[in-house]
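Subject: Structure handover

Hello,

Here is the structure for you to look over. My notes follow below.

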Amino acid sequence: DAITRTVDRKGKIIIPAFTLERTQEVIYILHQLYNENKLPAIPIFVDSPLAYEITEVFKYHYAYMNERTRNAIDSGDSPFDLPNLHFIRDQKDSKALNADKRPMIVIAASGMCESGRVLHHLKNNMEDSRNTVIVVGYMAKDTLGRRIVEQNRFVRIYGVEHELNAEVVVINAFSGHADKNDLIKFV
């Protein structure tokens with residue numbers, strides 16, 4: 001719903017995500033939404049050279065994935081081959097995304113918004129009320145990510161105050177921590 005609302009406003013969706021596993025999980029969910037015709041046909045950019053490399057490792061070692069995912073990949077429906085999915089490795093291409101005014105999804109590191117390319121995307125897009133920041137991970141106290149989750153009116157990026165006008169959506173379903181049942185299963 002958040003993606004559709006943002007596209008209707010002709011805005012961008014910024015998703016800060018950890019490069020290892022969280023980014024791949026978000027891609028997987030976007031692929032499911034695409035297959036269910038719930039995802040608008042907009043470009044999706046993963047802006048992280050490390051996330052690209054890790055995703056390549058996931059593709060190579062897909063035998064370790066669950067049966068449903070393995071079967072999908074074997075049948076030619078890999079979640080990592082999502083149409084309109086582009087991996088950005090070059091810094092120049094990363095910066096060009098901020099000048100591109102089309103609706104799009106940008107998944108960028110770092111997860112808590114303390115460093116990495118996500119800072120540039122937040123700096124260039126958070127003041128526009130057409131845009132949305134979708135938070136898919138825990139944001140520790142005293143991080144930029146937490147200030148965004150708390151929807152502070154102004155946040156500091158690179159020493160400059162920016163007004164947070166973008167919609168903020170927090171999705172708590174992407175926990176990277178095992179619950180009681182997972183811990184018992186592991187033991």
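I start with helix 3 (residues 49–60). Its twelve residues should span 16 Å at 1.5 Å a residue, and the end C-alpha atoms are 17 Å apart, which agrees. The expected span is 1.5 Å times one less than the number of residues. Helices (H or I, at least four residues) and strands (E, at least two) are DSSP runs, numbered from the N terminus.

Two notes on the basis. This is a predicted model: local features need pLDDT of at least 70, side-chain atom pairs count only at pLDDT 80 or more, and totals for chains, interfaces and linings use all residues. Residues are numbered from 1 along each chain as its sequence is written, and side-chain values use heavy atoms, with hydrogens and water left out.

**Helix 3**

A51, I54 and T55 are buried in helix 3. They cover an arc of only 105 degrees around the axis, which puts them on the same side of helix 3. Buried means under 20% relative accessible area, exposed over 50%, and partly exposed in between (1.4 Å probe, protein chains only). The arc is that of the directions from the helix axis to the C-beta atoms. The cover over the buried residues of helix 3 includes helix 2 (22–35), strand 2 (44–47) and strand 3 (85–88). Contact here means heavy atoms within 4.5 Å.

**Aromatic pairs**

There are two aromatic pairs in the structure. Rings of Phe, Tyr and Trp (its six-membered ring) pair if their centres lie within 6.5 Å; planes under 30 degrees apart count as stacked, over 60 as edge-to-face and the rest as tilted.

- Y52 and F87 are edge-to-face, 5.5 Å centre to centre, with 65 degrees between the planes. Y52 lies in helix 3 and F87 in strand 3, so the pair ties together parts that are 35 residues apart in sequence. Y52 is partly exposed, at 21% relative accessible area.
- F58 and F80 are also edge-to-face: 6.3 Å centre to centre, 75 degrees between the planes. F58 lies in helix 3 and F80 in the loop between helix 4 (67–74) and strand 3, so this pair ties together parts that are 22 residues apart in sequence. F58 is partly exposed at 24% relative accessible area, while F80 is buried at 6%.

Six strands form an open sheet, in the order 3-2-4-1-5-8, with parallel pairing. Strand 3 and strand 8 (167–170) are the edge strands; each pairs on one side only. The twist averages 20 degrees from one strand to the next. Two strands pair if DSSP finds at least two bridges between them.

Strand 2 and strand 3 pair in the parallel sense over four bridges. F87 turns up again here: it is the bridge partner of V46.

Strand 1 (residues 12–16) has five of its five residues buried, so it is largely enclosed by the rest of the structure. K12, I14 and P16 point one way, I13 and I15 the other. Strand 1 pairs in the parallel sense with strand 4 (residues 104–108) over five bridges. P16 stands opposite A108 there. Strand 1 also pairs in the parallel sense with strand 5 (residues 132–135), over two bridges. I14 stands opposite V133 in strand 5.

**Helix 6**

In helix 6 (residues 118–125), the buried residues are V118, L119, H121, L122 and N125. They fall within an arc of 165 degrees seen down the axis, so they line one face of the helix.

Best wishes

How values were computed
Axes fitted to C-alpha atoms, helices over the stretch in contact; angles between N-to-C directions.
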